[in-house]
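The following note sets out points for a colleague to check against the model. Please read it with the sequence and the coordinates at hand.

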Amino acid sequence: MTIKELTLLSDNLAETKQFYARILGLPIVSENTSALSFAAGATLLCFEQSTNLRPHYHFAFNIPYTSVMDAFSQMSKKVEILPISENSKLADFVNWNAKSFYFYDNNGNILEFIGRNDLPDRDKMDSPFILSVSEIGLPVENVKDECEKLINQHHLGYFDKQPPSDTFSVIGEDTGLLIIVPVGRNWYPTENHPSEAFKIKVVILNAERETPLLYE
């Protein structure tokens with residue numbers, strides 16, 4: 001499974017353009033007064049104008065595993081990397097065989113750069129490193145019910161590296177993951193950033209079938 005398109009809300013498209021084009025170095029695909037889109041590697045990342053909603057999300061970008069430390073070094077000069085613990089700003093997910101780090105964008109979204117060692121290696125890249133959007137967090141009222149609906153209706157499956165639970169379940173593969181959490185659960189690695197449900201449109205590609213998922 002891959003995430004082909006991701007559409008989110010932003011109260012300030014002008015600042016969003018500056019952040020994603022200048023800080024992350026993403027090419028602009030299209031823009032008008034109500035929407036803005038970028039090429040985030042293999043994913044089309046879009047933002048639609050909202051007004052006084054203060055929408056915030058969590059999503060992740062796949063980067064080459066061999067480039068995690070280079071990306072960490074470069075991004076540390078541009079943004080404040082969020083601490084994982086008192087002694088580290090780099091997360092080591094042993095069960096997922098991955099390393100990552102987190103930072104905020106201009107909208108208050110928690111972004112993640114994650115390198116997955118089980119994916120085919122890629123040659124070291126220049127900034128922005130980004131291969132694709134690989135995760136989107138989906139806050140819902142009932143995690144188990146939502147997962148069962150996604151699995152049954154769209155022929156998906158639980159991520160084999162993460163046992164499902166009522167407070168955190170993951171659907172998909174290393175190339176694309178839906179992170180299902182209950183509304184109000186703090187987004188990792190924060191302790192005061194509870195998830196909220198805002199409009200999300202995500203187009204997934206699974207077994208050569210494109211499926212749009214809309215959350216409002």
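1. Two strands are taken to pair if DSSP finds at least two bridges between them. Helices (H or I, at least four residues) and strands (E, at least two) are DSSP runs, numbered from the N terminus. The model is predicted: local features need pLDDT of at least 70, side-chain atom pairs count only at pLDDT 80 or more, and totals for chains, interfaces and linings use all residues. Residues are numbered from 1 along each chain as its sequence is written, and side-chain values use heavy atoms, with hydrogens and water left out.

2. Strands β2 (residues 28-31) and β3 (residues 35-40) run antiparallel and are joined by three bridges. Glu31 has Leu36 of β3 as its bridge partner, and a hairpin of three residues connects β2 to β3.

3. In helix α1 (residues 13-23), Leu13, Thr16, Phe19 and Tyr20 are buried (under 20% relative accessible area, exposed being over 50%, with a 1.4 Å probe and protein chains only). These buried residues line one face of the helix, because they fall within an arc of 125 degrees when seen down its axis; the arc is that of the directions from the helix axis to the C-beta atoms. Ala14 and Arg22, on the other side of α1, are exposed.

4. Arg116 lies in strand β8 and is buried, with a relative accessible area of 2%. Its side chain makes polar contacts (N or O atoms within 3.5 Å, one able to donate a hydrogen and the other to accept it; residues adjacent in sequence count only if both atoms are side-chain atoms) with the side chain of Asn62 at 2.6 Å and with that of Ser134 at 3.2 Å.
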